[in-house]
Amino acid sequence: MEIRPIYKKDLNNYKHMMIPYIYDEYKGNEDKTELGFWGFACVLSEDEDGCSQALKEGKDIAAASVLVIQPEGNGDLNIVSIYTLPELRRRGYASRLLQRVPAVASALFNWDEEEKEDTILYKTLYRLPEDLRTAYESFLIANAFSDFALVDEEKEVWSASAMIKMLREDKVRDHV
């Protein structure tokens, strides 16, 4: 299994694993995208269990799981789409994707000159049927999400967040 970034030119290979309006926004109009996104996929190699199932779904790429993040200007990260093929769930693919993103965020973060560390939030907003909400929240709890709130009681919209401590690589090495 390898974690691959999802580039706009390859986006169609992952369309079946994204929320449709997120796919449309990610793709943008020609070369212009309204919103910035980071996409990552867990792609299985030929010899891995589940590869044939993933290829059936994706045709060209054996993606088991896809995560799309929308970064905010302050460094916080919004999960806007996350999906694992049903027959490949509970194998840790989505968790690996979630764990990969903070390293990317840290490398791209706008650090102040002397800043060595910072804290950002991983966030998600969701509205799911009870059974799926329970499963999603169990997944989030297993991945260090600890702050859950009912945002809109009438529409049953929830939010969850996790604090992520980022360390600036070049400053960490200077002080070790």
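This is a predicted model: local features need pLDDT of at least 70, side-chain atom pairs count only at pLDDT 80 or more; totals for chains, interfaces and linings use all residues.
**View 1. Overall architecture of the chain.** Five helices and seven strands form the secondary structure, where helices (H or I, at least four residues) and strands (E, at least two) are DSSP runs numbered from the N terminus. From the N terminus on, the order of elements is β-α-β-α-β-β-α-β-α-β-β-α. Of the 176 residues in the chain, 42% are buried; buried means under 20% relative accessible area, exposed over 50%, and partly exposed in between (1.4 Å probe, protein chains only).

**View 2. The buried side of helix α1.** Helix α1 spans residues 20-27, and its buried residues are Ile22, Tyr23 and Tyr26. These residues lie on the same side of α1 because they cover an arc of only 105° around the axis, the arc being that of the directions from the helix axis to the C-beta atoms. An α-helix has 3.6 residues a turn, so residues three or four places apart point the same way. The cover over the buried residues of α1 includes strands β1 (2-6), β2 (38-43), β3 (63-71) and β4 (77-84).

**View 3. The opposite face and the end of helix α1.** Pro20 and Tyr21 are exposed on the face of α1 turned away from its buried side. Just after α1, Gly28 adopts a positive phi of about 70°.

**Notes.** Residues are numbered from 1 along each chain as its sequence is written, and side-chain values use heavy atoms, with hydrogens and water left out. Local features need pLDDT of at least 70 and side-chain atom pairs count only at pLDDT 80 or more, whereas totals for chains, interfaces and linings use all residues.

Definitions and conventions. Contact means heavy atoms within 4.5 Å.
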